[in-house]
Amino acid sequence: METLVRNEVPEAMARAAAHWWAERADGTAHHNNRGGDLASVFAGILADTMNEPPKVGTLERFEEILAEKIMTAELPYMWRSIWVDYGPDRILAEAAEEAGISCNNFPWKTGMYIDVEKGEITVRIALGEPKKIYPEMQWDE
């Protein structure tokens with residue numbers, strides 16, 4: 001069995017980040033690329049139809065797996081900035097696959113910055129305005 005080495009991400013931050021992403025993986029994502037043109041709107045509608053409601057317990061499993069991955073990722077680029085362009089970054093995709101959650105469930109153009117030095121987590125939903133969610137824990141959008 002492989003022994004995982006902890007990086008500099010505090011457990012509370014990793015769990016807050018994983019919780020936020022788990023809330024976005026619930027199968028209700030709105031796919032918006034901020035294009036505004038008809039093709040972009042239709043692409044988003046089509047992507048919305050590919051959302052898959054997770055089975056019971058999978059969001060909790062995803063949250064645990066992702067928190068562990070954030071705390072043990074060897075390279076900082078894997079956890080400092082976690083994004084979904086049209087598909088999730090590797091760390092999200094791997095956690096989703098291990099938990100049994102569809103990668104189609106993540107909202108487009110959405111990301112997170114984990115700043116250990118400042119002790120803050122900032123998110124952007126669909127390229128909207130940055131919003132600090134940690135340490136304030138403002139989970140609402």
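The accessible surface of the protein chain in this predicted model amounts to about 7800 Å² (Shrake-Rupley method, 1.4 Å probe), and carbon and sulfur atoms contribute 55% of that area. Of the 141 residues, 43% are buried, a term that denotes under 20% relative accessible area with a 1.4 Å probe and protein chains only. Local features require pLDDT of at least 70 and side-chain atom pairs pLDDT 80 or more, whereas totals for chains, interfaces and linings use all residues. Residues are numbered from 1 along each chain as its sequence is written, and side-chain values use heavy atoms, with hydrogens and water left out.

Along the principal axes, the C-alpha atoms occupy a box of roughly 45 × 35 × 25 Å.

Five helices and four strands are present, assigned as DSSP runs (helices H or I, at least four residues; strands E, at least two), and their order from the N terminus is α-α-α-α-β-α-β-β-β. Helix H1 (residues 11-24) spans 20 Å from its first C-alpha to its last, close to the 20 Å expected at 1.5 Å a residue. Buried residues of H1 include Met 13, Trp 20, Trp 21 and Arg 24, and the buried residues of this helix pack, with heavy atoms within 4.5 Å, against elements including helix H3 (58-72), helix H5 (90-99) and strand E1 (81-84).

Terms used. Buried means under 20% relative accessible area, exposed over 50%, partly exposed in between (1.4 Å probe, protein chains only). The expected span of a helix is 1.5 Å times one less than its number of residues.
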